[in-house]
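Colleague: Could you take me on a close look at the charged side chains in this model? I would like to know who partners with whom, and what surrounds those places.

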Amino acid sequence: MVDDIKAHYPDAQIDWVVEEAYVNLVKLQSKVNKVIAYAQRRWRKSLGNKETRAEIKHFYRTLREEAYDFIFDTQGLLKTGVIMGMARKSVNGKKVGLANGTEGSGYEGVSRIFHDVSIPVDRRTHAVLRGRLVAAAALNYKVDTPASFGLQKLDLQPAWMPATPYIVFFHGTAGESKKWSRHNWIGTARDLQVTGWPILLPWGSEAEKREAEAMTEHMSNAVVLPKLSMQEATVLAQKAALVIGVDTGLVHIAAAYETPTIELYCDSPKWKTEGNWSDKIINLGDQGKPPSVAEVEIAFEKLLGKRK
């Protein structure tokens with residue numbers, strides 16, 4: 001959305017409200033003027049605290065410093081609608097959101113009470129395209145180019161990062177059914193020995209760490225990483241020679257950077273989030289149809305070139 005808007009309106013000033021955990025990620029989009037941190041997940045646990053109430057007041061004042069010509073909510077949730085309701089619009093300003101949800105989304109129809117304009121989208125609209133279409137309809141332009149994300153590259157070199165090219169397995173995900181089996185990861189690691197590159201296994205919970213450790217017992221070329229911050233995980237995805245992972249945010253960050261990426265869909269619909277803006281991204285499997293190790297081998301040979 002940001003890249004689209006700036007392409008058609010170069011002088012546009014764009015501010016973005018985002019959960020505090022993702023502030024550094026949004027700051028990688030250099031065309032965003034101001035990032036406004038929101039901390040609902042933390043605030044709701046301590047609403048009785050004086051410090052929390054002071055933070056909420058500061059957020060409200062910051063949000064209302066500007067009078068916006070357009071205020072967008074492309075999630076269609078009550079909580080995002082409430083933030084839209086708080087934001088201040090200019091005399092002829094408009095608050096624009098989704099008229100309906102897409103298939104399987106958490107869309108909440110009550111969010112429309114905060115809209116001046118509600119934009120309908122097809123029930124099977126890609127998660128990235130959905131937001132682009134809402135902005136395009138409001139600002140009177142067409143979406144006729146592949147998605148571009150405008151993410152700046154991070155110039156970090158953490159101590160755990162190899163000096164040589166490396167491969168990342170993003171194996172962890174909250175949904176058990178979305179996981180690819182341990183046997184498959186081990187088989188793919190064996191196939192990737194031909195590259196001579198190390199495989200790095202990040203994790204986000206103790207259960208994922210244990211799973212990574214169990215896998216490395218059968219992978220001669222794999223290393224379990226230490227606990228990573230969001231910024232470190234982003235640079236891990238950005239600088240990899242190859243990323244293979246299930247349907248998770250970090251895999252989609254790798255795809256946004258156009259890192260050579262193989263996205264594995266095991267129990268989520270591919271049409272919804274697949275990386276479809278670059279030939280450096282290959283999407284395998286689909287809801288209820290996990291890909292095979294052989295399919296992944298063909299994909300990485302295509303991305304990296306056949307190695308002897």
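**Charged side chains up close**

Modeller: Happy to! Glu176 has a relative accessibility of 60% and so counts as exposed (over 50%, whereas buried is under 20% and partly exposed lies in between, with a 1.4 Å probe and protein chains only). The side chain of Glu176 meets that of Lys179 in a salt bridge, with N and O 3.3 Å apart (the definition asks for a side-chain nitrogen of Lys or Arg within 4 Å of a carboxyl oxygen of Asp or Glu). Lys179 is partly exposed, at 33%.

Please keep in mind that this is a predicted model, where local features need pLDDT of at least 70 and side-chain atom pairs count only at pLDDT 80 or more, while totals for chains, interfaces and linings use all residues. Residues are numbered from 1 along each chain as its sequence is written, and side-chain values use heavy atoms, leaving out hydrogens and water.

Across the whole structure, a search finds 10 salt bridges. One of them joins Arg132 and Asp4, with an N to O distance of 2.6 Å. Arg132 sits in helix H6 (residues 127-139) and Asp4 in helix H1 (residues 2-8), so this pair ties together parts that are 128 residues apart in sequence. Helices here are DSSP runs of H or I with at least four residues, strands are E runs of at least two, and numbering starts at the N terminus. Both Arg132 and Asp4 are buried.

Glu20 and Arg42 form another salt bridge, their closest N and O atoms being 2.8 Å apart. Glu20 lies in the loop between S1 and helix H2 (23-26), and Arg42 in helix H3 (residues 40-43), so the pair ties together parts that are 22 residues apart in sequence. Glu20 is partly exposed at 35%, and Arg42 is partly exposed at 34%. Glu20, Arg42 and Glu55 are linked in a salt-bridge network.

The Glu19 side chain does reach the backbone nitrogen of Gln40, at 3.4 Å. Setting aside neighbours within four places in sequence, Glu19 is in contact with Tyr38, Ala39, Gln40 and Arg41 (contact means heavy atoms within 4.5 Å).

Back to Lys179 for its surroundings. Lys179 is among the residues that Val246 touches, not counting those up to four places away in sequence; the others include Lys178, Trp180, Trp185 and Phe170. Val246 belongs to strand S9 (residues 242-246), and with 0% relative accessibility it counts as buried. Between Val246 and Pro290 there are 9.9 Å in space, C-alpha to C-alpha, although they are 44 residues apart in sequence.

Strands S3 (residues 67-73) and S4 (residues 88-98) run parallel and are joined by six bridges (strands pair if DSSP finds at least two bridges between them). On the other pairing of S4, three bridges join this strand to S5 (residues 117-119), again in parallel. There, Leu98 stands opposite Ile119.

Methods:
Polar contact = N/O pair within 3.5 Å; in protein donor to acceptor, adjacent residues only side chain to side chain.
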